[in-house]
Amino acid sequence: MSTYTASWNYPTRVLFGPGRIAELGSACETAGIRRPLLVTDARLRDADITARALDVLTRAGLEVALFSDVKGNPTNANVEAGVEAYRAHGADGVVAFGGGSGLDVGKLVALMVGQTRPIWDFEDIGDWWTRADAAKIAPIVAVPTTAGTGSEVGRAAVVTNEETHDKKIIFHPKLLPAVVVSDPELTIGLPPKLTAWTGFDALAHCLEAFSAPGFHPIADGIAVNGARLIKTWLPRAVADGTDIEARANMLAAASMGAAAFQKGLGAIHSMSHPIGAQYDTHHGLTNGVVMPYVLLANRPAIEERFTKLARSFEIDGGFDGFIEWVLQFRRDLFVAHSLSELGVDDRNVAELAVKAEADPSTGGNPVPMKAADFEKLFRAAISGDLDAARA
């Protein structure tokens with residue numbers, strides 16, 4: 001469908017459209033890669049789309065190796081094993097392939113292959129990224145196979161510290177891939193629940209970027225339109241996974257969410273990160289569960305702009321109407337109402353709250369949040385009590 005084919009240079013070069021995986025070899029050459037290490041997750045190791053990507057690279061005359069020892073919630077051990085695979089292959093760049101886990105580990109392998117400091121020294125805190133030897137970061141080409149994280153256009157990656165069970169955000173400007181091959185055909189095989197859950201990750205990015213304080217009308221505009229695309233196209237992508245129009249719009253919306261959250265994220269991610277690290281829950285699903293609780297807690301700071309957002313989305317009832325839409329959207333798309341349905345209990349609430357306060361995403365929340373505030377929200381989300389989350 002030519003309507004959904006384009007080449008973009010925002011925020012990096014994006015080759016977008018059905019069938020554009022055929023250009024993966026030339027994308028690598030553009031990035032200066034001749035011996036790529038294709039990094040993906042274990043679920044995609046034997047998938048047809050992975051075989052297709054490897055074939056494209058081989059036919060282009062590139063010497064490619066595959067690394068797939070990546071968990072759904074990737075750990076520092078996955079990154080370390082990827083670095084070893086990179087060196088064993090004599091690679092000169094990374095093709096980060098897959099959903100958020102494959103993309104993030106691929107980017108972190110490219111970062112860490114030339115560093116002497118531990119990965120935690122590059123956490124997204126202040127100017128810690130300047131500690132890295134930028135000249136030794138390997139080039140990256142990214143190929144998303146889900147419409148969720150938008151990591152293909154991001155400058156950060158998330159990884160779990162196996163010793164502390166903390167999720168950490170690692171940042172460097174050169175983690176932004178040099179070229180992205182964004183082919184909606186690669187997302188067709190994603191099951192309905194994973195389609196829905198990854199879509200909620202993209203929605204969380206858009207809504208949190210729109211909520212974040214500060215002046216960034218470019219990010220606001222992208223976030224609003226990204227959320228609008230998700231509202232329209234995610235139900236269609238879930239209902240019919242072969243709907244290439246829906247898949248294309250969702251893939252675009254995911255990239256938009258990640259581009260927008262340069263402005264900031266917030267408490268949805270602050271809560272989701274420690275839950276995912278502790279309970280190994282799906283990130284997008286967890287975002288979807290905690291989303292209305294956080295929006296209600298943030299009401300004093302966001303009500304006016306979300307009332308306008310509801311009006312532009314043709315949702316009646318202002319802020320309250322928008323919350324009702326979120327709740328119905330979740331019910332329609334396989335997202336639980338409470339964290340207890342994900343196996344989260346209240347035994348570790350105090351610890352989760354401390355970790356949420358320390359998460360870098362907290363700085364972008366429109367309402368200042370301390371551990372006590374997070375504890376209240378965790379308890380509300382575990383019990384499913386929306387009233388307990390209200391500001």
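A crossing of two helices is left-handed if the near helix is turned anticlockwise from the far one by less than a right angle, and right-handed if clockwise.

Quick background. This is a predicted model, where local features need pLDDT of at least 70, side-chain atom pairs count only at pLDDT 80 or more, and totals for chains, interfaces and linings use all residues. Numbering starts from 1 along each chain as its sequence is written, and side-chain values use heavy atoms, with hydrogens and water left out.

Now the pair. Helix H12 spans residues 349-358 and helix H13 spans 371-383. Helices here are DSSP runs, H or I, at least four residues, numbered from the N terminus. Their axes come within 8 Å and cross at roughly 125°. Axes are lines fitted to C-alpha atoms over the stretch in contact, with angles from 0 to 180 degrees between N-to-C directions. H12 and H13 are therefore oblique to each other. Oblique is what remains after under 35 degrees (roughly parallel), over 145 (roughly antiparallel) and 65 to 115 (roughly perpendicular). The crossing is right-handed.

Who touches whom? Contact means heavy atoms within 4.5 Å. H12 brings residues including Val 349, Leu 352 and Val 354. H13 brings, among them, Phe 374, Phe 378 and Ile 382. The contact residues divide into 10 nonpolar, no polar and 3 charged.

Last, two loops. Asp 280, not a glycine, has a positive phi of about 55°. Asp 280 sits between H8 and H9. Glu 314, also not a glycine, has a positive phi of about 60°. Glu 314 lies between H10 and H11. Asp 280 counts as exposed at 51% relative accessibility, and Glu 314 is exposed at 73%. Exposed means over 50% relative accessible area, with a 1.4 Å probe and protein chains only.

Methods
Ala, Val, Leu, Ile, Met, Phe, Trp, Tyr, Cys and Pro count as nonpolar, Asp, Glu, Lys and Arg as charged, and the others, Gly among them, as polar. Buried means under 20% relative accessible area, exposed over 50%, partly exposed in between (1.4 Å probe, protein chains only).
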